[in-house]
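The sequence and structure are shown first.

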Amino acid sequence: MSVAWIGLGNMGGPMAANLVAAGTAVRGHDISEAAGRAAAGQGVEVVGSVADAVRDADIVFTMLPRGEHVREVLTAPDGVLANVRPGTLVVDESTIDIDLARELHRTTTDAGARFLDAPVSGGVSGAAAGTLTIMVGGRAEDLEEARPHLEVLGGRVVHAGDAGNGQAAKIVNNMMCGVILGVTCEAAVLSKRLGLDPATFHSIAASSSGDSWVLRTWYPEKGVVESAAVNRDFEGGFSVALLHKDLGLAVNAGESTGTSLPFVTRARDAMAALVDAGQADRDCTVLVRQVDGSLDA
Ligand code: NAD
């Protein structure tokens, strides 16, 4: 089976590398030379265009920032759909709008190919470890074809239902993550100001009712959780820009379904303020610097 991978960034890079490590030939492309170089160092055959990456592929994965990038990469004249063999399965791992995912299912089918929306959860550390949760929307038989690869990428592969349901699950999950991030940053600052040692408070909360994936993976105090971006001055990880996008998708979904989401709206606005403060490319846990006031200093 030959695999094409478009988008070799913070998530796509380590995911493609895991397929290579499992013995799969992966031909990849990214518009960023740095991302391409890093993937080449992990054994991905990096080529100069989407068309070159997908031409002989049995299955094509995309892992791109936003919906507009996925639409462009799929539908441009030099993009995926114009260059794959008939019937090729395209698996989008990015987090994008639910309606756009459904549109791309139709566009892909009309072009004679097949599509799955298959967004992931687990962060950069989960991507590197191959322990992502992958939530899949689309036809069960297409999922079964992709499953051997998806199981290399993630410890848990779940069929969420028809076209777009993978994105629906992802957007609801990430709005929970965004709200929990907000209160976890506030907890990190408040507990320290109350005189608690950060590692001690973390170990108490991790075995109490304040526990969460965000607490265990992203706790924004240096030296407490190895995988946390605070240890790397908020480089890499899950950017403010991308969490802002996901919370905006959730707010839109709330509006289109008549669902009031005040906590999510507040979290979205906190990310918007960080974007305005020039923090868009840093990891989203930089929110802790807004809570402790040091961002303005
Ligand atoms: P990223 O910005 O690090 O990587 C995206 C890559 O796509 C970049 O290297 C960029 O150069 C490349 N790209 C953009 N346009 C392209 C094009 N036209 N052709 C080829 N390459 C192109 O982003 P990421 O953190 O890897 O996130 C990717 C997706 O995964 C997003 O939708 C994000 O919401 C989602 N996600 C991220 C995380 C995380 O923790 N970072 C976790 C779960 C899901």
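## Annotated domains

UniProt positions are given here in the numbering used for this chain, feature names are shortened, and such annotations may be inferred rather than shown by experiment. The model itself is predicted. UniProt lists "domain: 6-phosphogluconate dehydrogenase NADP-binding" at residues 3–161, from an unreviewed entry.

## Shell around the ligand

The ligand has 28 residues around it, of which Gly 9, Asn 10, Met 11, Ser 32 and Phe 238 come nearest. By class, the shell consists of 13 nonpolar, 12 polar and 3 charged residues.

Which elements each supply at least two residues of this shell? They are helix 4 (67–75), strand 7 (120–121), helix 6 (123–129) and helix 11 (240–257). Helix 4 gives the largest share, 3 residues.

## Helix 4 and helix 5

Helix 4 also packs with helix 5 (residues 98–110), at an angle of about 5° and with the axes 11 Å apart. Because angles under 35 degrees count as roughly parallel, helix 4 is roughly parallel to helix 5.

From helix 4, Gly 67, Val 70, Arg 71, Leu 74 and Thr 75 take part in the contact. Their counterparts in helix 5 are Leu 100, Leu 104, Thr 107 and Thr 108. The contact of helix 4 with helix 5 has 4 nonpolar, 4 polar and 1 charged residues.

## Helix 1 and helix 7

The axes of helix 1 (residues 12–21) and helix 7 (residues 140–153) come within 9 Å, crossing at roughly 115°. This angle makes helix 1 roughly perpendicular to helix 7. The crossing of the two is right-handed.

Helix 1 contributes Met 15, Asn 18 and Leu 19 to the contact, and helix 7 contributes His 149, Val 152 and Leu 153. Sorted by class, the contact of helix 1 with helix 7 has 4 nonpolar residues, 2 polar residues and no charged residues.

## Helix 8 and helix 11

Helix 11, which supplies at least two residues of the ligand shell, is crossed by helix 8 (residues 165–193) at roughly 120°, with the axes coming within 9 Å. Is this crossing left-handed or right-handed? Helix 8 passes helix 11 in a left-handed crossing.

On the helix 8 side the contact is made by Ile 171, Asn 174, Met 175 and Gly 178. On the helix 11 side it is made by Leu 243, Asp 246, Leu 247, Leu 249, Ala 250 and Ala 253. The residues of the contact of helix 8 with helix 11 divide into 7 nonpolar, 2 polar and 1 charged.

Notes
Residues numbered from 1 in each chain as written. Predicted model: local features only at pLDDT ≥ 70, side-chain atom pairs only at ≥ 80, totals over all residues. Axes fitted to C-alpha atoms, helices over the stretch in contact; angles between N-to-C directions. Helix = DSSP H or I, 4+ residues; strand = E, 2+ residues; numbered from the N terminus. Parallel < 35°, antiparallel > 145°, perpendicular 65-115°, else oblique. Left-handed = near helix turned anticlockwise from the far one by under 90°. Contact = placed C-beta atoms within 7 Å. Nonpolar A, V, L, I, M, F, W, Y, C, P; charged D, E, K, R; others polar. Near = placed C-beta within 6 Å.
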